[in-house]
Amino acid sequence: MATKSSIKEMFENAVHVGHRTQKWNPRMKKYLFGEKSGVHVINLEHTVTMLEDALQFLSKLSKEGKKVLFISTKPQSLKLVEEAAKSANMPYVVSRWIPGLLTNFKTIKARVKYLTDLEEQEASGEFEKFTKKEANTLKKQIVKLKASLGGVQNLSDLPDAVFVVDVVRDKIAVQESIKMKIPVVALVDSNADPSGIAYPIPANDDALKSLSYMTEKVSSACK
């Protein structure tokens, strides 16, 4: 049951503020309270109960030692999502989604192995046998690979679930997850399509306060 304190907390963190009414997705209608000054207002009673369901699911996975992949390529949330994933000891993808990360995991895994091998070679001093130019090229490769694959370096198999901050921006990640039958836990703003998402959480996915509040809840459930 939605508690008044939870709703008050969410209200204070702007979780209820949706997008402008002309940008809405009609499939979100049942999760909306109404509109104010041309902006949709999310019904926080739904948010509280749906968040609770999602957190229980994530907590159960975590207790079983399973992996939840945190995903966000939204500029204002990158650091937030990376830190939340790291604190829960979970893999993450921030800044850029790698197409095929889930649907072509075998190939991605090979790239991850290549990155790990390069790092080990550098650490053991093997780069010293190359020319300065060759060594610098390899170092640049490490930096580039680390930026795109660093968050999934310890992911030895497909994740057991994914947490997506913005399903509109990261729709390819959502599509790949659904295709691979990986449950999706996601924030769904008033412009989102909740179809196919196992645990949709109606919430503002733009304001930093709302993102911080929601990401912290998810991270805590995964610890």
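## Residue S210

S210 touches N13, A14, V15 and N204, leaving aside residues up to four places away in sequence; contact means heavy atoms within 4.5 Å. This is a predicted model, in which local features need pLDDT of at least 70, side-chain atom pairs count only at pLDDT 80 or more, and totals for chains, interfaces and linings use all residues. Residues are numbered from 1 along each chain as its sequence is written, and side-chain values use heavy atoms, with hydrogens and water left out.

S210 is found in helix α7. Its relative accessibility is 0%, so S210 counts as buried. Buried means under 20% relative accessible area, exposed over 50%, and partly exposed in between, with a 1.4 Å probe and protein chains only.

## Helix α7

Helices (H or I, at least four residues) and strands (E, at least two) are DSSP runs, numbered from the N terminus. Helix α7 has 14 residues and reaches 20 Å from its first C-alpha to its last, close to the 20 Å expected at 1.5 Å a residue. The expected span is 1.5 Å times one less than the number of residues. The buried residues of α7 include L211, Y213, M214 and V218.

## Packing of α1 and α7

Helix α1 (residues 4–12) packs against helix α7 (residues 208–221) at an angle of about 135°, and their axes are 9 Å apart. Axes are lines fitted to C-alpha atoms, for helices over the stretch in contact, and angles run from 0 to 180 degrees between N-to-C directions. The two helices α1 and α7 are therefore oblique to each other: angles under 35 degrees count as roughly parallel, over 145 as roughly antiparallel, 65 to 115 as roughly perpendicular and the rest as oblique.

On the α1 side the contact is made by S6, E9, M10 and E12, and on the α7 side by K209, Y213, M214 and K217. These residues divide into three nonpolar, one polar and four charged.

## Aromatic pairs

The whole structure holds three aromatic pairs. Rings of Phe, Tyr and Trp (its six-membered ring) pair if their centres lie within 6.5 Å; planes under 30 degrees apart count as stacked, over 60 as edge-to-face and the rest as tilted. The rings of F57 and Y199 are stacked, because their centres are 4.5 Å apart and their planes at 20°. F57 lies in helix α2 (residues 44–63) and Y199 in strand β8 (residues 199–202), so the pair ties together parts 142 residues apart in sequence. F57 is buried, at 17% relative accessible area, whereas Y199 is partly exposed at 25%.

F127 and F130 form an edge-to-face pair, 6.2 Å centre to centre with 65° between the planes. F127 is buried at 6% relative accessibility, and F130 is partly exposed at 29%.

Methods:
Nonpolar A, V, L, I, M, F, W, Y, C, P; charged D, E, K, R; others polar.
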